[in-house]
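Dear colleague,

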Amino acid sequence: MDVSGAASQNDVPLGLDTKTAEEYASQAKLFQEFTNICSIDKAWIFKSDCEKGSQAMFLVSQANLLANKRRKHMLSAHISEKSNQSVSFHWAPFPVEMTGVSIIAPSPSGLKLLVIRNQESGSPIQFEVWDSSQLQKEIHVPQSVHGSVYTEGWFEGISWNSDETQIAYVAEEPSSSKPMFDGFGYKKGGSTDKDCGSWKGQGEWDEDWGETYAGKRQPALFVINVNSGDVRAVQGIGKSLSVGQVVWVPSTSGLQQYLVFVGWPSENGPQKVARKLGMQYAYNRPCALYAVSSPFHEAEADVLPLKITETKGSVMVNLTESISSALFPRFSPDGKCLVFLSAKSSVDSGTSFATQSLHRIDWPADGKPCSSAALVDVVPVVMSAEDGCFPGLYCSSVLAKPWLSDGFTMILSSIWRSTVVLLAINVLSGKISRISPVDSTHSWNILTLDGDNVLAVSSSPIDPPQIKFGSHIKKEEEHASGTWGWMDVSSPLSRYSEKVLSLLSFLQFSIMQIPVRDTSNNLSRGASDPFEAIFVSSSSQKNGVCNPLIVMLHGGPHSVSVTSFSKSLAFLSSIGYSLLIVNYRGSLGFGEEALQSLPGKIGSQDVNDVLTAIDHVIDMGLADRSKISVLGGSHGGFLTTHLIGQEPDRFVAAAVRNPVCNLTLMVGTSDKPDWCYVEACGIEGKSYFTDAPSIEQLHLFYSKSPISHISKVKTPTLILLGAQDRRVPFANGLQYARALKEKGVEVKVIVFPNDVHSIDRPQSDFESFLNIGVWFKKYCS
C-alpha cells in the first residue's frame, strides 16, 4: 500500500487543499510503520518428548490494510534450558499463516490441535483435529445442527475433556424456521432456499445482545465426539439462558462427565424484564455458574452418524445462587476445587466494570455437582488501598491453565493503578504476590505458563512489546520482588523498523500523581486519594519550549489507560506531541471507593479531574496553555465535548470517536440504556431504570449532557463515527456535529459505514488516527 508522494491539485480529495493533502501523505507513510507492528494474541507451551525443554507456539496478528482484515499467523520456538539456569529460544525460520482459521485449541496433553473454521453463506462449520504431523480428523457440521462457533467475547468457550475424546463448545443455535410466501400468499408447506417461486419472510424479531453481537443467534452449548464425529446439543439448559466459558469437570473413570459453564439470563435488567441489554464491555450483567451432564456416555459406541441428538434426564444445577456474578471458571489440576472471578460489585452497583473478587468452591468427592456447596471468599473486593498496596482485582481474562505446579497458585494479569501487573494468588490461603517487577512502570500481560515459569509480554508507551521469561526463584524470605527473575527473550517478533525505534528513542514517559483539587464534599478516603496521569514527551525538548499537548481521555467511564504500547498513540507522540493520558477518578485499578465516586457526577467530577491534570503539567512547565488539544472516544468523547463547552478557551482543537453527546437521545437508542441512569443519576438510578423515561429524567439527562453547553463551543472539532454503533448510535455524534455547524464552529465529520463502537477495522483505525494527526497539526503548530 503506497501512500507516499506529493499530491497534485487534481488529485486532492474534496475539502482538502494541496498543503493538507501533502501532510496526509507524509503522516500516512509514517503511520504505516507503526501499523505494521505485530500483536501477540495468544501463546501455548508444550513439553517436548524428544529432548529437554519445551515447544512454544505464538498466535500473532497484523493489520492487513489492503484487505481490511487482521492477518493471523503462527510462529513456533523450541525452549531449551541451559546449565546456568537460563533458557534459550530457537525460532522456526518462518511463520505459518492461519488463513480462514476462526480459532484454535490445543488438547490437554498438547498432542492434538483443534482448528475451527466458521464458513460464510450457510456452509458447514469445519472442525479439524491435527496431530504433530498431519490432519487426523475433519468433521463438517451443517447449519441445521448449529451456526457459527463463538470465538471471542463473553460467550467464547472451547474445552477438551481429560481423555481427549470429546470437545465442548459454544455456537449459535440453529436458525428458527421462517414463514414462506409465494405468488399466492402464505405457503403452508414451506420451501427450499433454492425455490425461486417463493421467498422467506422475517417472522418474529429475536433480540440479540447488542454491540458486536448484531445478527448473532442465541449462544448454545454443544459437544462433539472426536472419534465418531457425532454432535449433540447439551440438554437441560433453559431457553432463556445464554451460555459461554464452558469447562469440563475433571472426571473419574466410570462416572458421568459434567460440564460447568457461565449462563446469562435474558431477563437481565433491574426489573427482570425479558430484555437483552448490551453485553460488550459490560460486566454488570447478572450471571451464574451452572453444571450439566455431558450428552455422551462412556458406554456408547464411538462410531455414530453426524446428527443432533436428544438426551434425557439432564438436570442443570446452579452452583452460585448466593452471588450475582460468576465468571471464568477454572478447576484446580487435582479437580478438588473450582475457582472463579466475580463482578458482583459491578452487577450490584450497575456500573459497567468495578473491582472484582475471587471465590472457590470445594468440589464434592463423588464428582457430582451440588447447588448447596459453600462459596469460599479467596480475594475480597478492595475498597481503598494503602499507598503501594494491592488495589483489588481487575481482570479481563484468565488463562485456560493458570496454575503453577503446586496446583493451588494461580497466575493472573490484573490492572494495578495505571499499569498491568502479574499476580500469583494462593487460592487456599488467599495470599497475593506481585510477581512482575515492583519497580517496573511497564505493563505486563501473561501469555502462558511453562511449569513454574511464566511467559509474558511487557511494553510501555515508548517501548514496543517485548517477550519476557520469568522463573520462580525459591528463597527463604518470601518477597514478591525477590522470588521471580525475568529475562528478555530475543525473537523475530521484536524486530521493529529502524524508523520506529529511532523515533521512540527520543521519547520518555512517567506516571504522575495528581492531587484531588476539592476534598470538601465528604469524600471517602479512596475518592480523595490522588488519581494518576501518564505523561509522554520528547526527551530532547529544549528548556522553556513545550511541544503541543494532546489530552487523552479513555471511555467507560469505568475503564483505564495503562502503560502498554499503543501504535496509534506512539504515532501521535512521534509527530511532535506530548500526551497527557488522564485516569480520572472512576477509572479501574484504584480501589472501589474511587471508582464508585463518579456515578451521578459525570460531567462535573471527571471534567474537574481532567482540568486539574492539565493545570498540573502547566504548573510544572511541561505544557504551553496556548497549544492544548483534546481527544477521547465514547465516554472520553463525552468528556471531550464537555470540556470544549465548559472551557471554550482552553483547547485549540478537539477530536472525538463515537462520543456520548446527548444522553436524552442515547437513552432511547442505545443497547445499554441503563448506563445513562447509573452514570447520570448515581447507583440508585439502577433501581428506576426504564425504557420509558419520565420528563424529569429526560431533563436530568439533558443537563448532564455536553449538548447543554453547545452555545459556548468554539473549538474546531473532528468527529469520527461508526455507522453500525449500537452502544452510542452515530446519530448522537451527528446531532452534535450539526449543532456545531449551525452556530458556525469548524467541524469535520467522517462516518465509517461498516464499523461498530470501537472503529477498529484496520482501514478505519488507520484513517481515524491519520485524520486526528492531520487535524491537530493544522491547529496546534
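Asparagine 732 is buried, since its relative accessible area is 1% and the limit for that class is under 20%. Please bear in mind here and below that the model is a predicted one. This residue belongs to helix α12, which spans residues 731-742. From there, the side chain of asparagine 732 reaches the backbone nitrogen of asparagine 662 at 2.9 Å. Leaving aside residues up to four places away in sequence, asparagine 732 touches Pro659, Val660, Cys661, Asn662, Leu665 and Met666.

Turning to the nonpolar cores, the largest one holds 73 residues, of which Val260, Leu358 and Leu393 touch the most other members. Strand β18 (residues 258-265) supplies the largest share of this core, six residues. A second, separate core has 57 residues, among them Val617, Val667, Val713 and Leu721. In soluble globular proteins, nonpolar side chains tend to be buried together. Valine 260 has contacts beyond four places in sequence that include Val246, Leu289, Tyr290, Phe331 and Trp363, as well as Gln245.

A further point concerns two helices. The axes of helix α1 (residues 18-35) and helix α13 (residues 762-780) come within 9 Å and cross at roughly 130°; α1 and α13 are therefore oblique to each other. Their crossing is right-handed. Residues that meet there include Tyr24, Ala28 and Phe31 in α1, and Phe766, Phe769 and Val774 in α13.

Yours sincerely

Terms used: Residues are numbered from 1 along each chain as its sequence is written. This is a predicted model: local features need pLDDT of at least 70, side-chain atom pairs count only at pLDDT 80 or more; totals for chains, interfaces and linings use all residues. Side-chain values use heavy atoms; hydrogens and water are left out. A nonpolar core is a set of buried Ala, Val, Leu, Ile, Met, Phe, Trp, Tyr and Cys residues joined through side-chain atoms within 4.5 Å. Buried means under 20% relative accessible area, exposed over 50%, partly exposed in between (1.4 Å probe, protein chains only). Helices (H or I, at least four residues) and strands (E, at least two) are DSSP runs, numbered from the N terminus. Contact means heavy atoms within 4.5 Å. A polar contact is a pair of N or O atoms within 3.5 Å; within protein, one must be able to donate a hydrogen and the other to accept it, and residues adjacent in sequence count only if both atoms are side-chain atoms. Axes are lines fitted to C-alpha atoms, for helices over the stretch in contact, and angles run from 0 to 180 degrees between N-to-C directions. Angles under 35 degrees count as roughly parallel, over 145 as roughly antiparallel, 65 to 115 as roughly perpendicular and the rest as oblique. A crossing is left-handed if the near helix is turned anticlockwise from the far one by less than a right angle, and right-handed if clockwise.
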